[in-house]
Amino acid sequence: MIYFDKVSKRYNDSAALEDVTLSIAPKEFVSLVGHSGAGKTTLLKLLIAEERPTEGSVFFESVDVNDLPLSALHFYRRKIGMVFQDARLIPTKTAYENIAFAMEAAGRTDEEIESDVPYILELVNLSDKASHFPDELSGGEKQRVAIGRAIINQPEMVIADEPTSNLDPINTYEIVEILKKINELGTTVLIATHNKGVVDAVGRRVVTIDRGRIVRDDAEGKYVM
Amino acid sequence: MNKTILKRVFASGAKDFLRGGAVSAATVLIMTVTLSIIGALIFLSALLSYTLGVIENKVDVSVYFVTTATEQQILAVKGELEQLPQVASVTYTSADDALAAFRQRHANDQLTLQALDELGGNPLDASLEIRAKDPSQYEGIVNFLSASPALSPGGTSIVDRINYAQNKDVIDRLSVAIGATREVGIAVVLVFALASILIAFATIRLAIYTARDEIAVMRLVGASDAYIRGPFLVVGVITGVVAAVIALLLFIPAAWYTGMQTASWLGGFSVSGYYATHALFIASVLIGSGIVLGAVGSMLAIRKYLRV
C-alpha cells in the first residue's frame with residue numbers, strides 16, 4: 001500500500017530523513033517510534049504530500065505521490081485521515097459541526113452528513129457531547145473528535161502524529177482502543193509516538209527511527225530505544 | 001462544482017463577509033465612493049453630450065449677401081446649395097423680411113427703432129440659413145461656398161459674410177471640454193479603483209487569516225481548491241455588489257435634488273429623468289464595476305496568501 005523508496009529529505013544542509021526504505025501493507029497497524037526530532041513528522045508530511053522528498057520516491061498504491069499534480073492532491077488527501085497532537089478542531093464549531101464540516105469540505109451531501117455524523121460520534125464514544133464546543137471538551141475528547149473527523153470520509157489510511165502526548169493514561173488508553181477498533185474495521189493505521197505505553201498497548205509492528213534513519217523494524221515489537 | 005458545493009461556497013462567503021464586520025463595512029464604503037464617482041461621470045458625460053447636441057442642433061450656416069445682390073442671384077445660390085447631398089434645408093430671408101423681423105424683435109426698444117429710422121432705408125442683408133443633415137458637414141458646405149463664390153455680373157462676390165466660424169469655435173471648445181472631462185474623470189476613477197482593489201485585497205487577507213483554522217481543516221480532509229478559495233472570491237463579489245446597490249440607492253435622492261436645483265440652467269436636461277430612463281444601464285455599469293473591483297482584489301489576495 002505504502003512504499004518509501006530510498007527517501008531522503010534535507011532542509012538546507014541538515015538531513016531530516018536519510019535513505020529511508022519502508023513498506024506498509026493494507027490493514028496494518030504500524031507504530032513509528034523515535035525521539036523528538038528523529039524524523040517521524042517529516043516522514044508523515046512526505047506521506048500526505050505536504051513536503052516533497054529531496055531524493056527517492058513515496059508510493060501510495062503504486063502511485064508516486066510526487067508525481068501527483070496539484071489539481072489531484074485533494075483527491076489523494078481524501079484517502080488519508082490525519083490526526084495531530086493538538087487535535088486542530090475549529091473552536092467556533094461543536095463536536096458535531098467539526099465532523100460535519102470535514103464532510104462538507106469533501107463534497108458529501110446533507111443527507112450523508114445527517115446519517116454518518118451520529119454514527120461516527122458513537123464510534124468515538126462522544127454521542128452525548130455532540131453539541132459541545134472544543135472548549136467544553138477534555139483533551140481526550142477533543143482527540144476523539146479529531147479521530148472522528150479523520151475517519152468520516154472513510155479513508156484507506158489513518159495517520160496519527162503523537163495523538164496521546166498531551167493525554168493522561170486513561171485517555172491515552174481510550175485513544176489507542178479507538179485506533180485499534182478503526183484498524184479492525186479494515187483501515188490501515190500509522191501512529192507516530194514516543195509513548196512506550198501506547199506502543200506496548202498496541203502490540204503490533206514497530207518501526208524505530210533515529211536521526212533520520214530506520215534503525216529497527218519489528219513485526220510484533222516493543223518500544224526499544 | 002456541483003449545486004451542493006456551490007451553495008456551500010456562497011454560504012461560506014456570505015458568512016465570511018458578515019464576520020468581517022467593520023472591515024467589510026470600510027471596504028464597502030470606499031468601493032461605494034469609487035462607484036459613485038463612476039456613476040457621477042456617467043451623468044456628467046450625459047449632460048455634456050446633451051448640451052453639445054443642443055448647441056449642434058442650433059447651429060446653422062448663415063450666408064449674408066451684399067445689398068446689391070438681386071433676389072434672383074440669391075435664389076440661384078439657394079438652388080445650388082439644395083443640390084448638395086449634405087444639405088438638409090436652405091431658408092431664404094429677404095432683406096425686407098429681415099427688417100420686419102428685426103422691428104418685431106425690438107418692438108419694445110424705441111431707441112433701437114429710432115436709430116434704425118434715422119439710418120434710412122434697409123441696412124440689413126438678405127440671407128440664406130443652411131442646415132446640414134449632420135453637424136460635422138457644415139465645414140464641407142462652407143468650403144463649397146468659398147470654393148465657388150457666387151459672383152455678380154460685375155465680377156465681385158455677392159456673399160457679404162458667412163457666420164459659421166463663430167459657432168464652430170463654440171462647438172470645438174465644448175468638444176475639448178467633454179474630452180478633458182472624460183480624461184480627468186477616468187484618471188480619478190482609476191485612482192479610486194486602485195484604492196478599492198487594495199482595500200478589498202487587505203480585507204480578504206484578513207478574512208483568510210481569520211478563517212485559517214477552517215482552511216487548515218479543509219486542506220486536511222481533501223477539500224478542492226475551488227472549495228477552499230471560492231468563499232473568498234464570493235466575499236469580494238458581495239462587497240462589490242453591496243457597494244453598487246448602495247451607490248444606486250444614493251443616486252435616487254441625489255439625482256432628484258440635483259435635478260431640482262439645476263433644472264433652470266441645464267438647458268432642459270433632467271438629471272432624475274436621465275436616471276429613470278437609463279437605470280438599467282447605470283445599474284449594469286456600477287454592479288459590473290463593483291464585481292470586477294471586488295473580484296480582482298480577492299484574486300490578488302488569494303493568489304498571495306492562500307496557497308492550497
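This is a predicted model: local features need pLDDT of at least 70, side-chain atom pairs count only at pLDDT 80 or more; totals for chains, interfaces and linings use all residues.
The buried positions in H4(A) are Val117(A), Ile120(A) and Leu121(A).

Helix H4 of chain A covers residues 110-123, 14 residues in total. From first C-alpha to last, the helix reaches 20 Å. That is close to the expected 20 Å at 1.5 Å a residue. A kink of about 25° lies at Asp116(A). Just after H4(A), Asn125(A) adopts a positive phi of about 55°.

Chain B contains eleven helices and four strands. Its C-alpha trace spans about 100 × 40 × 30 Å along the principal axes. The radius of gyration of chain B is 32 Å. A compact globule of 308 residues would have a value near 19 Å. Of the 308 residues in chain B, 29% are buried.

The domain assignment divides chain B into two domains. Domain 1 is made of two segments, 3-55 and 171-305. Domain 2 is the segment 67-157. The centres of domain 1 and domain 2 of chain B, taken over C-alpha atoms, are separated by 55 Å. Contacts in chain B were also sorted by sequence separation. Among those with a separation of 6 or more, 85% join residues 24 or more positions apart.

The two chains touch. In the interface, 14 residues of chain B are in contact with 16 residues of chain A. On the chain B side, helix H1 (3-19) and helix H8 (212-220) each supply at least two residues. H8(B) gives the largest share, six residues. By class, the side of chain B that touches chain A has eight nonpolar residues, three polar residues and three charged residues.

Terms used
Residues are numbered from 1 along each chain as its sequence is written. Chains are lettered from A and ligands numbered from 1 in the order in which they are written. The expected span of a helix is 1.5 Å times one less than its number of residues. The bend at a residue is the angle between axes fitted to the seven residues ending there and the seven starting there. A residue is buried if 20 or more other C-beta atoms lie within 10 Å of its own, exposed if 12 or fewer, and partly exposed in between; C-beta atoms are placed from the backbone. The radius of gyration is taken over C-alpha atoms; the globule rule is 2.2 Å times the number of residues to the power 0.38. Two residues are in contact if their C-beta atoms, placed from the backbone, lie within 7 Å. Ala, Val, Leu, Ile, Met, Phe, Trp, Tyr, Cys and Pro count as nonpolar, Asp, Glu, Lys and Arg as charged, and the others, Gly among them, as polar. Domain bounds come from an automatic or database domain assignment.
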